[in-house]
Amino acid sequence: MFSKIKRQKGQILEKIKNRQKNSMTSYTNLSIGGMEFREMDLSGIDFSQSDLRKAKFIKCNLTNVSFIGGNLKEASFNDSFFHNTSLEFANIAKSRFENCDMQNVDLRNSNAEEILFIGTKMKDLKLEGSSFKSSIMENCESANIKARGCSFQYSVFLDSLFLNS
């Protein structure tokens, strides 16, 4: 059973690698938790409603990617680029964003509790209605953040800069 799941994940990863760059590709409602995406251009992929728990995104281009309603609990994003990316209604609890560049990212109504942002640059983010309870933001730069109705209860902000927010 385990080898069959591993083979399926490998096939999905191969399809993603071989797709035409910037083409809109749908991988909705998949259960592909724990996958590692390393140095991949994932631009334009629709992962809506997919289970990507504990997935690792390392040096990935996530431009125009949709994770709407997806489960990214305990996922890690390192040195990745988010532009026009939607994480609306997603579960990103206990996830880690390290040295990422996030521009025009939609995180509205997301469960973002206990997440960690380290060295991440954020501009034009939409956080309305999301919960960032018990989260940590360290050495981050933020500008033009919309956070009406957003909860930061018990969160910690260390050496971070907020402009026009």
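Student: How much space lies in the largest pocket?
Tutor: About 160 Å³. Keep in mind that this is a predicted model.

Student: OK, and which residues lie nearest its centre?
Tutor: Leu-127, Met-137, Phe-152, Phe-157 and Phe-162 do, out of 18 residues that line the largest pocket. Two elements each give two or more residues to that lining: strand S11 (136-138) and strand S13 (156-158).

Student: What classes of residue make up the lining?
Tutor: There are 14 nonpolar residues and four polar ones, with no charged residues.

Student: Switching topic. Where does Thr-63 lie?
Tutor: Look in the loop between strand S4 (56-58) and strand S5 (76-78).

Student: Is Thr-63 buried or exposed?
Tutor: Thr-63 counts as buried, because its relative accessibility is 15% and the cut-off for buried is under 20%.

Student: What does Thr-63 touch?
Tutor: If you leave out residues up to four places away in sequence, Thr-63 touches Ser-43, Gly-44, Phe-81, His-83 and Thr-85. There's also a polar contact of 2.6 Å between the side chains of Thr-63 and Asn-61.

Student: Now charges. How many salt bridges does the structure hold?
Tutor: Six. As background, side chains of opposite charge can pair when their charged atoms come close.

Student: Which residue does Glu-36 form a salt bridge with?
Tutor: Arg-38, and the closest N and O atoms of the two are 3.0 Å apart. Glu-36 is partly exposed at 35% relative accessible area, and Arg-38 is partly exposed too, at 46%.

Student: What about Asp-51 and Arg-53, how do their side chains meet?
Tutor: In a salt bridge, with 2.5 Å from N to O. Here Asp-51 is buried, with a relative accessible area of 15%, whereas Arg-53 counts as partly exposed at 41%.

Student: And which residue does Lys-54 meet in a salt bridge?
Tutor: Glu-74, at 3.8 Å from N to O. Lys-54 sits in the loop between strand S3 (45-46) and S4, while Glu-74 is in the loop between S4 and S5, so this pair ties together parts that are 20 residues apart in sequence. Glu-74 counts as partly exposed, at 35% relative accessibility.

Student: Last one: which residues do salt bridges with shared partners join into one network?
Tutor: Glu-88, Asp-106 and Arg-108.

How values were computed
Residues numbered from 1 in each chain as written. Predicted model: local features only at pLDDT ≥ 70, side-chain atom pairs only at ≥ 80, totals over all residues. Heavy atoms only, no water. 1 Å grid on protein atoms, 1.4 Å probe; cavity = no way out; pocket = protein on both sides within 12 Å on 5 of 7 lines; lining within 4 Å. Points joined across faces, edges and corners; volume = space filled by probe spheres on them. Helix = DSSP H or I, 4+ residues; strand = E, 2+ residues; numbered from the N terminus. Nonpolar A, V, L, I, M, F, W, Y, C, P; charged D, E, K, R; others polar. Buried < 20%, exposed > 50% of the residue type's maximum accessible area, 1.4 Å probe, protein only. Polar contact = N/O pair within 3.5 Å; in protein donor to acceptor, adjacent residues only side chain to side chain. Contact = heavy atoms within 4.5 Å. Salt bridge = Lys/Arg side-chain N within 4 Å of Asp/Glu carboxyl O.
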